[in-house]
Amino acid sequence: MALMTAIEDATARFRAGEAEIASAFFSQPRPLEQHAFMLRIQVAREIRNLVEISRGELTEQVDRVDADMTRDEIVAELREHYYETRHYAMLGNLLEGITGEHLDWKVLAQERETADWAAAGRREGKLKRERAAISPLHAAAAQFNSGGGGSVAFGMIGLAGGAYEELLAETAKIILHDEMAHGEVLGGRNPLYALVTSEEDAQAALEVVRDYSALRLEGRNFQFGYPLSGERVEAIVGGDIEPIGLDALEAAYAGAIDDEEWLDRYRAAPKPLAGATVLR
Ligand SMILES: [Fe+2]
């Protein structure tokens, strides 16, 4: 849809910005603590579905199936829970694998309510809720680049050096697959496509997408220990970057292994995981 062109283009540039942050991070060895910090924030971003299931949302939905919820809807829900849970599991394993410290998602869930390291995530959530209160269009626009469409994952594809980097690269492919293959996050399936019906809608949505994405970009740079300068981040916000389109994302996860194969490889690797980019 022509009205969506500017929104798609802006998103594809912000996506490239997040990928640039991840590749800049891995372009040189960094202290173990920085890797652990980066991973902990990522893991905390992936526990949302565990929190939902723990609250009983899934049980409640199962009770509605064949009444006001369809069988296909529950399958889609379960698939999303499975995907997000496996993102959590792989990244959590990697965090434990490099640090040797036991991870507990409930502790993370508690910490992210107030901890400094989770401030960026909280700011993103707040912006999303505020925009969502304006209108369904604003809500969909605030969701449009949510999850970044695997942007950070894109920046980790092709990492090599040690078991840590190789497993991270495989994790990134699986995450990209999950975001691209079935999610509503990307492409024409996103609800925003149906909601943008005029030039004004497109303008309003673009503004929300840009605000949200700029906030995400800042949060990413913080997460990765500021591998990009403030000027570079500003330039990216201004659009000075090659966009990463959906075809590039799709091509990037070709040949992704499944999570069983991933776990076999993880288990076979000596612990703590050796990382060529990890300074111990
Ligand atoms: Fe995820």
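Author: Two packed helices are described by the angle between their axes and the distance between the axes. Axes are lines fitted to C-alpha atoms, and angles run from 0 to 180 degrees between N-to-C directions. The model shown here is predicted.

Reader: At what angle do the axes of helix H7 and helix H8 cross?

Author: The axes of H7 (residues 119–132) and H8 (residues 136–144) cross at roughly 155° and come within 7 Å. Angles over 145 degrees count as roughly antiparallel, so H7 is roughly antiparallel to H8.

Reader: Which residues of H7 and H8 meet?

Author: From H7, Leu-127, Lys-128, Arg-131 and Ala-132 meet His-138, Ala-139, Ala-141 and Ala-142 of H8. The residues of this contact comprise five nonpolar, one polar and two charged.

Reader: How do the axes of H12 and H13 lie?

Author: For H12 (residues 199–223) and H13 (residues 230–237), the axes come within 10 Å and cross at roughly 155°. These two helices are therefore roughly antiparallel to each other, and their crossing is right-handed. Ala-214, Leu-217, Glu-218 and Asn-221 of H12 make the contact with Val-233, Ile-236 and Val-237 of H13. Five of these residues are nonpolar, one is polar and one is charged.

Reader: Is Asn-221 buried or exposed?

Author: A residue is buried if 20 or more other C-beta atoms lie within 10 Å of its own. Asn-221 has 24 C-beta neighbours inside 10 Å and therefore counts as buried.

Reader: With which residues is Asn-221 in contact, leaving aside its neighbours within four places in sequence?

Author: Those residues are Ile-21, Tyr-226, Leu-228 and Val-233.

Terms used: Residues numbered from 1 in each chain as written. Predicted model: local features only at pLDDT ≥ 70, side-chain atom pairs only at ≥ 80, totals over all residues. Helix = DSSP H or I, 4+ residues; strand = E, 2+ residues; numbered from the N terminus. Parallel < 35°, antiparallel > 145°, perpendicular 65-115°, else oblique. Contact = placed C-beta atoms within 7 Å. Nonpolar A, V, L, I, M, F, W, Y, C, P; charged D, E, K, R; others polar. Left-handed = near helix turned anticlockwise from the far one by under 90°. Buried ≥ 20, exposed ≤ 12 C-beta atoms within 10 Å, placed from the backbone.
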